[in-house]
Amino acid sequence: MAAGRMKLELSRLVQGSGRLGVLTGLGRTGQHSLEVPGCLLYTHCGTVPHLTQDTLQTLSTLPSVTQVTLSNIAEHQEVLEEFKDGFKKFSGLHDTVLYCSLHDPASSYPSGHTTYKTVSVWGSGGRIELTVEKFMDLQKTIQPDWYQSMADGETWQGNTSRKRVRKSVDRTLAHLDECLLLHQKSQELEGVEVFGVVEGGDILEERVRSARETAKRPVAGFCLDGLQMGSMDQALRTQLITAVTKELPEYKPRLLQGVGRPDAVLACVEAGVDLFESFFPFQVTERGCALCFSFDVSPDPERAVLELHKERDAAGETQQNGDDNFDDQTQTSFEMNLKDKRYQDDFRPLVKGCGCYCCKNHQRAYLHHLLVTNELLAGVLLMIHNTSHYHSFFVALREALANDKLDLLKRRVLGERDGQVRTKE
């Protein structure tokens, strides 16, 4: 394969592992870029849930890369083949880089449906079995700017045997080699980048082997799979990521799949991750909740943290941050549940100082009313706020890395109390 345009230009390595830089040369013409650490724009079939393209464009911190998934697109292959001009044009996406992953990170899927030659994705019509040939035919039809290779990722459950994990790594490497061979022969995929997938479950030796072997292939970057929330605690996740990133070339990006909670994002950035999927705001919206965690590291952070805690305690919102054993229906301590009756006469914005359309024009009481009456507008307004808040968090994360304030940002996000809160000297 010819060398691609995608290149990670690092401007700073913080605390020996956190990485700050710009991913350049994105898209078929190479004119797009993405700051790292950063996240992709999560979509269902090219559309951010609840939002039209016009509404979405009112947000100011959107990334240049849009994520779509085969689990949502595979069942529409015949229509796309007839359309002929690719998914970006089919879905009305403009001036964005299209990234295609295998599974929807916001949805769970049944396990036990992989073979030596196939993997399965789950669409609205049920299971779709993919061989490497069918997988690559889909990529030719979708015409993304970059995609992850086919992978056997069904090893994130805690009871997976060492033998099964080893098979997963072997199959994923075999799938990658086949994908690269077919990619090289395809005129339709000329200029398209491929990300190799690192598997290995929770077994350190297999993670290292997978990373080392994948790094030998001509890929543009790496997807770290099987480390999603709920599969393991953060200490183990950090240990595995740290070991994996030591095996990967410094100048190629690392995309972590299935991790979106702010505290986990911060820990994984310190372990060397560059990119994340932004499905977390959608999950929060579906719970009828609004993101409210603080990431302001401007002057007088101690007072801001104390005020945040005073507000959280009054609302009974403070929960344990470090519990990884949750599903997408479980409220986290980074959000407020606006269905609760305490908000029916709360006339404050969702987050004081937030510049999104929802916070500038509506109050918590109105969102509460929309939710309890099942109005569709509730999802629209919450998704506007949650998307804006989450992507602004990544802006603050990059600024904190650039200004040696990462420890302060971590304390702000985690909402640590007065004895632990101090400004960086």
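Which residues in H13 meet which residues in H14? The answer is given below, under the heading on this helix pair.

## Basis of the model

This is a predicted model, in which local features need pLDDT of at least 70 and side-chain atom pairs count only at pLDDT 80 or more, while totals for chains, interfaces and linings use all residues. Residues are numbered from 1 along each chain as its sequence is written, and side-chain values use heavy atoms, with hydrogens and water left out.

## Helices H13 and H14

Tyr-366, Leu-367, Leu-370 and Leu-371 in H13 meet Leu-377, Ala-378, Leu-381 and Leu-382 in H14, where contact means heavy atoms within 4.5 Å. These contact residues divide into eight nonpolar, no polar and no charged. Nonpolar covers Ala, Val, Leu, Ile, Met, Phe, Trp, Tyr, Cys and Pro; charged covers Asp, Glu, Lys and Arg; the others, Gly among them, are polar.

Helix H13 spans residues 364–372 and helix H14 residues 376–402; their axes lie 7 Å apart at an angle of about 135°. Axes are lines fitted to C-alpha atoms, for helices over the stretch in contact, and angles run from 0 to 180 degrees between N-to-C directions. H13 and H14 are therefore oblique to each other; angles under 35 degrees count as roughly parallel, over 145 as roughly antiparallel, 65 to 115 as roughly perpendicular and the rest as oblique.

## Helices H6 and H7

Helix H6 (residues 162–185) packs against helix H7 (residues 204–215) at an angle of about 10°, with axes 10 Å apart. H6 is therefore roughly parallel to H7. By class, their contact has four nonpolar, two polar and seven charged residues.

## The sheet E1-E2-E3

Three strands form an open sheet in the order E1-E2-E3, with antiparallel pairing. Strand E1 (7–14) and strand E3 (32–36) stand at the edges with a single partner strand each, so one side of each is left without a neighbour in the sheet. Two strands pair if DSSP finds at least two bridges between them. Seven bridges join E1 to strand E2 (residues 18–26), and Val-14 stands opposite Gly-18 in E2. H14 lies across E1, E2 and E3, running at about 120° to E2.

## Strand E6

Strand E6 (residues 97–101) is mostly covered, with five of its five residues buried, that is, under 20% relative accessible area with a 1.4 Å probe, protein chains only. Val-97, Tyr-99 and Ser-101 point one way, and Leu-98 and Cys-100 the other.

Five bridges join E6 to the parallel strand E5 (residues 65–69), and Val-97 is the bridge partner of Val-65. E6 also runs parallel to strand E9 (residues 146–148), joined by two bridges.

Definitions and conventions. Helices (H or I, at least four residues) and strands (E, at least two) are DSSP runs, numbered from the N terminus. Buried means under 20% relative accessible area, exposed over 50%, partly exposed in between (1.4 Å probe, protein chains only).
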